[in-house]
Amino acid sequence: MSIVCRKGVIEDLPVLLDIEKHSTPKLLYLEGVQDLFFNNEDGELIVAEEDGKPIGFARFSTQYDGSGWLECLRVHADHQKKGCGAVIWKRFIELCDIYHVPFVRMYTGLTNYASRVLGERNGLHVAYQTREGTLLKDNIPAVEPAEGFVPVTDPAECEKLFAPYAEGYHNYFCTNRTYYGLNKALYEGLCGEGIVYRKGDSVVTVGARFLKDQGLHIGFMGGDADECIRFAIEKFKASGLPKLVCMIPSERDDLRAALEKYGFVFPDAQIIMLERAF
């Protein structure tokens with residue numbers, strides 16, 4: 001029996017949802033992002049089949065600067081550790097060549113050794129280690145409004161605002177567990193989405209890549225962290241969404257303390273980003 005990959009189509013959704021349920025039952029989101037994932041204009045929803053039956057899938061897409069992003073690799077529990085993941089990864093690398101990506105990235109849990117090993121076998125390495133904090137709607141604290149923040153629409157201004165704080169984020173930006181390199185294409189994208197705000201030298205992003213009905217994300221902040229967090233909480237409160245999430249570098253105890261002050265909860269688990277340059 002051999003495993004082959006093909007491009008997924010929307011008619012695959014029911015069986016792929018079943019695969020996800022039997023692969024990562026505590027992390028289900030394919031249904032919520034189906035419109036994005038089945039849009040193959042900027043990448044490919046990869047479906048792995050054995051004897052014509054789907055047994056796994058994953059998503060390859062391109063980012064603002066043309067870098068590749070790998071996500072949502074799922075293999076049905078009955079077919080794990082039998083080569084399906086390796087076949088999907090072979091297609092990942094083929095797509096990196098097809099799209100001429102400058103970088104390819106993925107995320108996984110710090111203790112998810114199987115996922116990490118597959119990435120490292122294909123030339124990726126751990127580039128960034130992070131912690132994810134969450135503030136739930138029911139726990140929103142009463143905060144003094146952070147007045148004076150205004151939208152940033154000029155990418156050049158955005159770049160200047162990010163520059164003093166870029167090293168503290170290892171020159172990456174993260175939202176919805178999706179990691180991007182800091183560069184001009186990213187600044188253009190963020191400004192185009194209208195999620196960058198400033199007050200003096202302070203800057204914060206509040207938005208989401210997908211699942212926008214499930215929460216807001218603080219992707220980056222610099223300057224007065226207290227004011228940035230209070231501003232984000234006010235945006236969160238006004239949105240009525242169930243959660244506000246912020247990913248920070250694991251070693252940034254200052255940001256963690258600032259967020260915990262307002263009720264953000266950080267689990268012990270950490271998240272790593274793997275990267276390969278081409």
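With which side chain does the side chain of Arg 74 make a polar contact? The legends below start with that residue.

This is a predicted model, in which local features need pLDDT of at least 70 and side-chain atom pairs count only at pLDDT 80 or more, while totals for chains, interfaces and linings use all residues. Residues are numbered from 1 along each chain as its sequence is written, and side-chain values use heavy atoms, with hydrogens and water left out.

**View 1. Arg 74 in strand β4 (residues 68-75).** Strands are DSSP runs (E, at least two residues), numbered from the N terminus. The partner is Thr 24, whose side chain lies 3.0 Å from that of Arg 74 in a polar contact (N or O atoms within 3.5 Å, one able to donate a hydrogen and the other to accept it; residues adjacent in sequence count only if both atoms are side-chain atoms). Arg 74 has 6% relative accessibility and so counts as buried (under 20% relative accessible area, 1.4 Å probe, protein chains only).

**View 2. The hairpin of β8 and β9.** Strands β8 (residues 172-175) and β9 (residues 178-181) pair antiparallel through four bridges; pairing requires at least two DSSP bridges. Two residues separate the strands, and Asn 176 in the turn has a positive phi of about 50 degrees. Thr 175 is opposite Thr 178 of β9. Tyr 172 and Cys 174 on one side of β8, and Phe 173 and Thr 175 on the other, are all buried.

**View 3. Cys 72 and Cys 96, two buried cysteines.** The whole structure contains zero disulfides (cysteine sulfur atoms within 2.5 Å). The closest cysteine sulfur to Cys 72 is that of Cys 84, at 13 Å, too far for a bond. For Cys 96 it is that of Cys 5, at 14 Å, also too far.

Notes
Buried < 20%, exposed > 50% of the residue type's maximum accessible area, 1.4 Å probe, protein only.
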